[in-house]
Amino acid sequence: MKKIMQPIRKATAAGVVVAAIVFATVLLKSGSGQPAGTSSPTGPGTPSNAAPAEESVVLTPSQTNAIKMEALGTHLFSVERTAIGSIDYNEDLSVQVFSPYQGKIIAASANLGDEVRKGQPLYTIESPDLMNAESTLIAAVAANILFSNELVRATALYGTNGVARRELEQATSDANTAEGAYKAAHDAVLVFGKTETEINQIEASRKIDPVLVVPSPVSGRITARNAQPGLLVQPGNVPAPYSVADLATKWMVANVTESDSPLFHAGQSLQATVMAYPGRAFDGKISRLGTSVDPNTHRVMVRCEIADPKDELRSGMLATFTIQIQDSVESVAIPMTGVVRNGDGTMAAWVTTDGHRFIQRIIKIGLQQDGQDQVLAGLQRGELAVTDGAIFISNILYAPPTD
């Protein structure tokens with residue numbers, strides 16, 4: 001019996017020693033940098049529906065140096081929506097320069113990327129339609145001179161009874177018809193772009209000038225060139241010999257979600273960013289909204305006009321649109337480095353009154369801009385809170401050091 005009791009006594013003694021060591025360890029660790037427990041610990045008499053207790057941590061002076069504390073202020077948050085789109089030419093200021101008549105290109109006087117003015121010649125063609133119009137004009141000039149002379153002669157002879165009244169009337173009718181035909185032929189050549197000086201020279205020399213100059217209809221830059229000498233062109237036959245666009249403004253086309261579409265309207269200001277110019281924003285405004293919803297993506301087209309006086313944006317660039325949908329709001333704010341996401345998904349910040357004991361505060365955040373979180377609930381303006389190093393304190397709370 002004694003032999004049996006001896007091992008039991010030894011085991012009991014060993015258990016007492018282990019318990020003493022654990023108790024001493026806890027006492028040593030409660031001195032610094034450890035969770036200070038809750039502000040209102042629950043007990044057997046605490047109701048089950050009581051508000052969750054606030055966790056707190058006490059830091060040593062050396063640990064306090066690892067964080068930053070500030071009194072909370074306010075920040076002006078812009079109420080915005082973002083969307084992805086692309087850059088395009090302003091089609092209202094972009095023109096494909098077709099030849100108004102069929103012909104063969106003789107010379108092309110502008111190159112891709114050149115700046116051109118309205119009315120500046122782009123290319124010349126040899127047009128058979130122009131040749132026919134000028135031939136008609138030359139014949140009309142001759143007929144007009146002939147019948148005008150006949151009317152002068154008939155008028156002179158009619159006074160001496162040398163010409164009958166009927167002959168005078170016929171000469172008057174022929175002269176009027178010839179004059180009308182001349183004016184029509186003159187205007188027809190004028191439509192081709194010939195100046196009055198050039199038309200007078202054709203009439204005087206009786207020589208046809210088949211060269212038709214096609215000018216730029218707008219001022220801008222050459223964005224496409226397909227004109228080559230010898231190329232046969234026809235009105236509206238793509239590709240156009242030239243394309244000219246005013247590049248002072250660009251279009252940016254984005255698609256916004258169906259649920260957000262009621263928030264947008266023409267005239268709203270926006271900013272756009274592209275990968276080619278990081279850190280820069282281009283200002284613009286919404287010019288038009290789509291009238292239908294894409295049944296596949298359930299998105300609505302939004303078209304914007306962007307000022308680009310230096311022509312830095314290129315058609316096809318991917319762009320991110322930030323559109324302000326209402327006036328900015330001023331709210332209590334805390335730097336993002338002062339907010340920690342807990343394991344249960346809640347957002348938390350740390351506040352203090354003495355710079356030594358820190359209490360965890362569950363908060364609700366809204367917008368995030370300029371490195372600031374908008375605080376919708378949980379914090380007040382002027383409270384002293386940790387603005388940098390909040391995760392350091394949370395680590396102490398949920399994973400306290402072992403040494």
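Q: In this predicted model, which residue lies over the face of Tyr277?

A: Arg280 does, at 5.3 Å from the ring centre of Tyr277. A further case is Arg303, which lies over the face of Trp251 at 3.7 Å from the ring centre.

Q: How many aromatic pairs does a search of the whole structure find?

A: The search finds 3 aromatic pairs. A pair of aromatic rings is described by the distance of the centres and the angle of the planes. In one of them, the ring centres of Tyr101 and Phe192 are 3.9 Å apart and the planes stand at 25 degrees, so this pair is stacked.

Q: Which parts of the chain does the pair of Tyr101 and Phe192 link?

A: It links distant parts, 91 residues apart. Tyr101 belongs to the loop between strand S5 (94–97) and strand S6 (103–108), while Phe192 belongs to the loop between helix H4 (165–191) and helix H5 (196–205).

Q: Is Phe192 buried or exposed?

A: Phe192 is buried, because its relative accessible area is 8% and buried means under 20%. Tyr101, at 22%, is partly exposed.

Q: How are the rings of Tyr277 and Phe282 arranged?

A: Their centres lie 6.0 Å apart and their planes are at 65 degrees. Planes over 60 degrees apart count as edge-to-face, so the pair of Tyr277 and Phe282 is edge-to-face.

Q: What is the relative accessibility of Tyr277, and what is the relative accessible area of Phe282?

A: Tyr277 has 24% relative accessibility and counts as partly exposed. Phe282 has a relative accessible area of 4% and is buried. Tyr277 is also the residue whose ring face Arg280 lies over.

Notes: Residues numbered from 1 in each chain as written. Predicted model: local features only at pLDDT ≥ 70, side-chain atom pairs only at ≥ 80, totals over all residues. Heavy atoms only, no water. Phe/Tyr/Trp six-rings, centres within 6.5 Å; stacked < 30°, edge-to-face > 60°. Helix = DSSP H or I, 4+ residues; strand = E, 2+ residues; numbered from the N terminus. Buried < 20%, exposed > 50% of the residue type's maximum accessible area, 1.4 Å probe, protein only. Lys NZ or Arg CZ within 6 Å of the ring centre and 35° of its normal.
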